[in-house]
Amino acid sequence: MAAHRKPRQRSMSGNKARTAATIALAGAATATGFDGTGHAEPQLTPSQVKAKVDKLYQEAEVATERYNGAKEKADAAGQRLKDLQDQAARKEDRLNSAREALGSVAAAQYRAGGLDPAVQLALSDDPDRYLKNAEFVERAGNRQQADVARVRRQLREIEQLRGAAHIELTSLKSRQTELKRHKKTVNGKLDSARQLLSRLSVQERSRLSEASGTGRASRSSTGPRDTLAAPGSAAALAPNSRAAAAVSYAYQKLGSPYVWGATGPNAFDCSGLVQAAYRSAGVSLPRTTYSQIDAGRRVSRSELLPGDLVFFYAGISHVGIYVGNGRMIHAPNPSAPVRVAPLDEMPFTGATRVV
């Protein structure tokens with residue numbers, strides 16, 4: 001019979017030590033989790049915060065321009081749908097009138113016993129008028145056939161309009177879904193930027209504003225010298241009267257808040273400011289930066305004149321209005337109002353002269 005070995009006695013003190021260490025580590029991890037310091041992001045310097053915020057603003061502007069483009073298409077689809085519905089309503093009114101006329105003829109034939117009009121005339125008490133009336137009835141019969149054909153044609157046209165309206169409605173719903181998606185993206189980026197900025201002290205935020213030209217620089221750019229003298233000199237150098245009017249409008253809007261998706265008159269995003277400025281000059285521009293860059297003749301940076309549209313970033317997601325001396329007026333982002341800024345503030349992509 002095999003001998004049974006007696007199990008070796010483990011050290012209680014060793015077990016206790018290991019258990020205590022495990023509990024201590026678990027407690028420390030738990031405490032760290034609750035304190036929110038274990039997984040917290042490393043403390044960012046103000047310059048790092050600014051870099052991240054600037055990137056978020058630029059990404060938000062990309063989404064804003066996509067939103068603007070989707071909204072422009074949604075508005076166009078909505079207008080086409082309304083036009084089709086109006087056309088269908090007018091044709092239905094004419095169709096109802098034609099149907100009523102045919103109904104009156106049918107009712108009259110029924111009341112007359114359904115006799116052929118020629119037979120009715122032959123039995124008339126006034127046979128002398130037979131030939132004349134027979135000719136009239138023949139013409140009336142032809143008109144009746146034409147009325148029936150017209151009703152059928154109107155029915156087909158109405159069905160075609162309804163089919164086209166259904167397509168536009170589907171397009172509109174798709175654009176509205178796209179709008180919601182871009183809006184969510186924009187708001188998410190801006191919320192992240194606000195959260196980053198909230199980590200800074202008031203003094204740090206103030207220093208960042210001054211460094212980026214959104215503090216004293218923006219206030220000085222809306223002072224008497226720029227708002228009175230600069231617009232006149234810049235407008236005088238504009239290539240045409242429309243560009244001059246757009247420059248004057250942009251100067252009048254210095255200090256207006258940036259609001260994404262806004263086209264004035266009291267708030268703007270970047271492409272909204274450009275569109276509003278040229279609208280004031282009687283020129284209709286597309287809504288987005290992607291389309292605005294093709295709204296005129298391309299010019300090089302060395303050829304720039306006041307009123308030219310200047311575009312930035314590889315994706316052409318930002319635009320301003322050139323005002324001379326290497327400067328532009330633009331709507332930067334939610335942290336800065338409409339202001340005068342150097343072209344070198346952002347990576348320059350190209351320029352267009354509205355003609």
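A residue is called buried when its relative accessible area is under 20%. By this criterion, in the predicted model, helix H9 (residues 270-280) is largely enclosed by the rest of the structure, because nine of its 11 residues are buried. The buried positions are Cys-270, Ser-271, Gly-272, Leu-273, Val-274, Gln-275, Ala-276, Ala-277 and Tyr-278. Just after H9, Gly-282 adopts a positive phi of about 85°.

Tyr-278 also belongs to the largest nonpolar core, which has 59 residues. Together with Tyr-251, Leu-309 and Ile-329, Tyr-278 is among the residues with the most contacts inside this core. At least two core residues are supplied by each of several elements, including helix H4 (130-198), helix H7 (224-236), H8, H9 and strand E3 (318-324). Helix H2 provides the largest share, 13 residues. In soluble globular proteins, nonpolar side chains tend to be buried together.

The surroundings of Ile-329 were examined with neighbours within four places in sequence left aside.

Arg-242 is located in helix H8 (residues 241-252). Arg-242 is classed as partly exposed because its relative accessible area is 35%, a value between the limits of 20% and 50%. When residues up to four places away in sequence are not counted, Arg-242 touches Tyr-278, Ala-281, Val-283 and Val-355. The C-alpha atom of Arg-242 is separated by 8.3 Å from that of Gly-307, which is 65 residues away along the chain.

Technical notes:
Residues are numbered from 1 along each chain as its sequence is written. This is a predicted model: local features need pLDDT of at least 70, side-chain atom pairs count only at pLDDT 80 or more; totals for chains, interfaces and linings use all residues. Side-chain values use heavy atoms; hydrogens and water are left out. Helices (H or I, at least four residues) and strands (E, at least two) are DSSP runs, numbered from the N terminus. Buried means under 20% relative accessible area, exposed over 50%, partly exposed in between (1.4 Å probe, protein chains only). Contact means heavy atoms within 4.5 Å. A nonpolar core is a set of buried Ala, Val, Leu, Ile, Met, Phe, Trp, Tyr and Cys residues joined through side-chain atoms within 4.5 Å.
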